[in-house]
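Please look over the structure below before reading my notes. They are written for someone new to reading protein models.

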Amino acid sequence: YTTFVDRKGRLSTLGRGAGDLSAVAVAAALRADRCDIYTDVDGVYTTDPRVVPRARRLEKIAFEEMLEMASLGAKVMQVRSIELGMVHNVRIFVRSSFDRPEDIDPMSNHPPGTLICDESEIMEQQVVTGIAFSKDEAQISIRQVPDKPGVAAAIFGPLAEANVNVDMIVQNVSADGSSTDIT
């Protein structure tokens, strides 16, 4: 974590992933071309390599794709740091903090790591870039819900009050036509 200290000695961070977010914020303020993030992995993979041994490291990934993967559970980068990089067009290079600096050729065309950049920098367009997943999610369907105003609020209001995050809602017309199915 990166910690900021004000003149009175008070400490503050910018939230989880404070080091990443702080680094990208400083790079944006300096109008840097790139921000290198040294972390415990050697880049962004197509999926979690601890779960899928055939996962491969991506050389480049677009801001939008990385943002989507991070918001869906990929733990490589914190969502806010990617948003900041995208807004200020600061390319982010994710690399391993375990690589010895003397073994890294900064002038190499393919240094170890993953470049998070604007989509225009990526030549090969892939149908699927990567897969992010979460083991702590569930899908719930409620069938034959009366199709009238206020029913959805009666279902989702108590969930919100209980701090249950509902990520996606799909509503279909039931087979009988007078009710709805909510998933």
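The points below go from the overall fold to the core, the strands, the salt bridges and one surface patch.

1. Basis of the model. This is a predicted model, in which local features need pLDDT of at least 70 and side-chain atom pairs count only at pLDDT 80 or more, while totals for chains, interfaces and linings use all residues. Residues are numbered from 1 along each chain as its sequence is written, and side-chain values use heavy atoms, with hydrogens and water left out.

2. Overall fold. The protein has four helices and nine strands; helices (H or I, at least four residues) and strands (E, at least two) are DSSP runs, numbered from the N terminus. Along the sequence the order is β-β-α-β-β-α-α-β-β-β-α-β-β. Of the contacts (heavy atoms within 4.5 Å) between residues at least 6 apart in sequence, 59% join residues at least 24 apart.

3. Surface and burial. The protein exposes about 12500 Å², and carbon and sulfur atoms supply 53% of that area. Accessible areas come from the Shrake-Rupley method with a 1.4 Å probe, and for residues only the protein chains shown count as cover. Buried residues make up 30% of the 183 residues. Buried means under 20% relative accessible area, exposed means over 50%, and partly exposed is in between (1.4 Å probe, protein chains only).

4. The largest core. A nonpolar core is a set of buried Ala, Val, Leu, Ile, Met, Phe, Trp, Tyr and Cys residues joined through side-chain atoms within 4.5 Å. The largest one has 22 residues, and those with the most contacts inside it are Val44, Ile61, Met66, Met77, Ile82, Ile92 and Ile116. Helix 1, strand 3, helix 2 (63–71), helix 3 (79–87) and strand 5 each give two or more residues to this core. Which element gives the largest share? Helix 2 does, with five residues.

5. Leaving aside neighbours within four places in sequence, Ile116 is in contact with Ile61, Ala62, Phe63, Met66, Met77, Ile82, Arg91, Ile92 and Val94.

6. Strand 6 and its partners. Thr114 and Ile116 point one way from strand 6 (residues 114–117), Leu115 and Cys117 point the other way, and all are buried. Two strands pair if DSSP finds at least two bridges between them. Strand 4 (residues 60–62) pairs with strand 6 in the parallel sense over three bridges, and Ile61 has Ile116 as its bridge partner in strand 6. Strand 5 and strand 6 run antiparallel and are joined by three bridges. Phe93 stands opposite Leu115 in strand 6.

7. Asp33 and Arg91. The structure holds seven salt bridges; a salt bridge is a side-chain nitrogen of Lys or Arg within 4 Å of a carboxyl oxygen of Asp or Glu. Asp33 forms one with Arg91, with the closest N and O atoms 2.9 Å apart. The pair links distant parts of the chain, 58 residues apart: Asp33 is in the loop between helix 1 (18–29) and strand 3 (34–39), and Arg91 is in strand 5 (residues 91–96). Arg91 counts as buried, because its relative accessibility is 18%. Asp33, Arg91 and Glu121 are linked in a network of salt bridges.

8. Asp36 and Arg95. The side chains of Arg95 and Asp36 meet in a salt bridge of 3.1 Å, N to O. This pair also links distant parts of the chain, with Arg95 in strand 5 and Asp36 in strand 3, 59 residues apart. Arg95 counts as buried at 4% relative accessibility, whereas Asp36 is partly exposed at 26%. Leaving aside neighbours within four places in sequence, Asp36 is in contact with Phe93 and Arg95.

9. Arg50 and Asp48. The side chains of Arg50 and Asp48 meet in a salt bridge (2.9 Å, N to O). Arg50 counts as exposed, because its relative accessibility is 72%.

10. A surface patch. Val164, Val166 and Ile169 form a nonpolar patch on the surface, with about 220 Å² of accessible area together. Patches are made of residues with over 30% relative accessible area and no salt bridge; like charges are joined within 9 Å, and nonpolar side chains (Val, Leu, Ile, Met, Phe, Trp, Tyr) within 5 Å. Val164 is in the loop between helix 4 (151–161) and strand 8 (171–173), and Val164 is partly exposed, with a relative accessible area of 41%.
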